[in-house]
Amino acid sequence: MDDSSCPTCGSHTYGDTSLLPTDSHATIAQLRASREEGQAAILRQQAHLSKLHRKQIELERRLGLIVYPVLTLPNEIVSRIFVNCLPDHGRVCPLQSTAPLLVAQICRCWRAIALETCQLWSSVDLTSTRHITEQFLLTWISRGKQHPLSWTLREGSVRACAFIPTIACRLWRLELRLEWTSFMELSHNRASFPNLRQLALLQYRPSLIRSRQVGERCTILSFSDAPLLRELKIYYPAQSLKLDHYPLLTTLFIQYIPSATLLSILQQLPQLLHIVAHLQDRNSSGPVTIAPSLQSFILHGGCSNILEFLTLSGLRDLQIDNANTNFRSCLEFFDRSACTLDHLAICDDGDKLTAYLDAMPTVTSLYIDVGCDMSLIARILTETPLLVPRLATLTLRLRDPEDYHISLADFLCERFARGLVSVKVHLDDDDVSSWLPPADCLVKLNDLISDGMDVELRCDEQYWNGGEYYAQQSEPEGATQFLSDDSPLMRKLDPCEKFP
């Protein structure tokens, strides 16, 4: 008998015609023999099927013994992993491609864990999301149960004024960027915010600036019952701003105010630790204001003599982006305050830089926005006696970067031996193609990097840090600067401190 098999799998075929006698006049004996051969073939096929069944059962048994670690984790650990999938800045966009909606779509088990993890639903960022219904938002909020809420809202996402009073008691952070009419509607709110720690009321249309005094005062009053407020950001505030009902307020970001208002705020809030302010007027006046608790003072705008009216003995971080700052006022401020600065950021053309640095020998981090060439900076920072001897971090913004590389490498080598460990050079150069130093300079810079120094050169959207060209990294979502991008001063804020 021809024992035929399948050319694909090698098994016996079920339609083996060789078992049938070819002679139509076959005898009874031949037919019986053919029947016996067919029964034998059936038994062989059944034995083969039994073997396959046993193999299948064994494979299933062995697969059942395999343990997937992710399926053995306690629900509490899985829940914590889900929380770590949220953005570092804590603002959660309700998108299906990101947590928490993403992890809730994997399987029923993970979905159940996600829905029971209140922290996943305790933040919502509606600044970049469209077509969000109020029912969706109510469902999102309900999943957070009684967990403190963080809300970031922009005009057009939902009617903020309708929701805020209903969740006021749960809010710990509220960031609003609304139009004038919405702010006016919100001004009628008299809800209590017992857990509110961070509040941002950001720009409505500047064309309505003529009405901003009344509107902003009313808006601030609508949040007056927030005894635990610690951080406040305001855009276009009123001329007269009363903040003394925030006894725990320590951080203030404030835009476009007169210098007199800033001095008044410092008198109202002696507990303030950090201020970022953009001043309107060119000159200030009044008595000297003493604020011994203030640790960080970042100043933007045109007021050139504000330091003349301040005494800040506890100041550790001073950043001024005005190149026209009164030189005499600064030196008198340093002498009067007797503060121990760690970080100093200034704009200068180079002629007064020596005196500034000589007055602040304790500085360890220095940012200089200069219009002079690199050779002058190198000479000032390497001359004897050595200025800022504790300098460890240096950032330079060169508005005249021509031939900056000639003195750069030798200057860095000398300061590296004296403790400088990080240098970043930002070049304001329209010719992006020619900003990289020549090969001999790069060799010296690479030697410094090999020895442990952090060196970075930037021009436009290109940077070099010891390797090839790389496109400048973009900021993470939700990290847009609160202050004007026109400022030449680099602000030391992480994403948690910025509002889209």
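Ile257 is buried, with a relative accessible area of 0%, and its place is in strand β6, which covers residues 251–257. This value, like the others in this report, was computed from a predicted model. Although Ile257 and Gly301 are 44 residues apart in sequence, their C-alpha atoms are 9.7 Å apart in space. Gly301 belongs to strand β9, and it is buried too.

## The chain as a whole

The protein chain has 500 residues, of which buried residues make up 45%, and it contains 14 helices and 18 strands. When contacts with a separation of 6 or more are considered, residues 24 or more positions apart account for 56% of them in the protein chain.

## Strand β9 and its two partners

Strand β9, which runs over residues 296–301, is mostly covered, since 6 of its 6 residues are buried. Ser296, Ile298 and His300 point one way from the strand, while Phe297, Leu299 and Gly301 point the other way, and the residues of both groups are all buried.

Which strands pair with β9? One partner is strand β7, made of residues 274–279, which pairs with β9 in the parallel sense over 6 bridges; in this pairing His278 stands opposite His300 in β9.

Leu178 lies in the loop between β3 and helix α7, the latter covering residues 180–186. Is Leu178 buried or exposed? Leu178 has a relative accessible area of 4% and is therefore buried, because the cut-off for a buried residue is under 20%. Leu178 and Leu153 are 25 residues apart in sequence, and the distance between them in space is 7.9 Å, taken from C-alpha to C-alpha.

## Two pairs of packed helices

Two packed helices are described by the angle between their axes and the distance between the axes. For helix α12 (residues 374–382) and helix α13 (residues 405–416), the angle is about 15° and the axes are 9 Å apart, so α12 and α13 are roughly parallel to each other. The crossing in which α12 passes α13 is left-handed. On the side of α12 the contact is made by Met374, Ser375, Ala378, Leu381 and Thr382, and on the side of α13 by Ser407, Leu408, Phe411, Glu414 and Arg415. By type, the residues of this contact of α12 with α13 divide into 5 nonpolar, 3 polar and 2 charged.

For helix α3 (residues 75–84) and helix α4 (residues 108–116), the axes come within 10 Å and cross at roughly 75°, and α3 and α4 are therefore roughly perpendicular to each other. Asn75, Val78, Ser79 and Phe82 of α3 make this contact together with Trp110, Ile113 and Ala114 of α4. The residues of the contact of α3 with α4 divide into 5 nonpolar, 2 polar and no charged.

Lys145 has a positive phi of about 50° although it is not a glycine, and it lies in the loop between helix α5 (134–143) and strand β2 (149–154). Val388 is another residue other than glycine with a positive phi, in this case near 35°, and its place is in the loop between α12 and strand β14 (393–398). How do these residues stand in terms of accessibility: buried, partly exposed or exposed? Lys145 counts as partly exposed, at 40% relative accessibility, whereas Val388 counts as buried, at 0% relative accessibility.

Terms used. Residues numbered from 1 in each chain as written. Predicted model: local features only at pLDDT ≥ 70, side-chain atom pairs only at ≥ 80, totals over all residues. Heavy atoms only, no water. Buried < 20%, exposed > 50% of the residue type's maximum accessible area, 1.4 Å probe, protein only. Helix = DSSP H or I, 4+ residues; strand = E, 2+ residues; numbered from the N terminus. Pairing = 2+ DSSP bridges. Axes fitted to C-alpha atoms, helices over the stretch in contact; angles between N-to-C directions. Parallel < 35°, antiparallel > 145°, perpendicular 65-115°, else oblique. Left-handed = near helix turned anticlockwise from the far one by under 90°. Contact = heavy atoms within 4.5 Å. Nonpolar A, V, L, I, M, F, W, Y, C, P; charged D, E, K, R; others polar.
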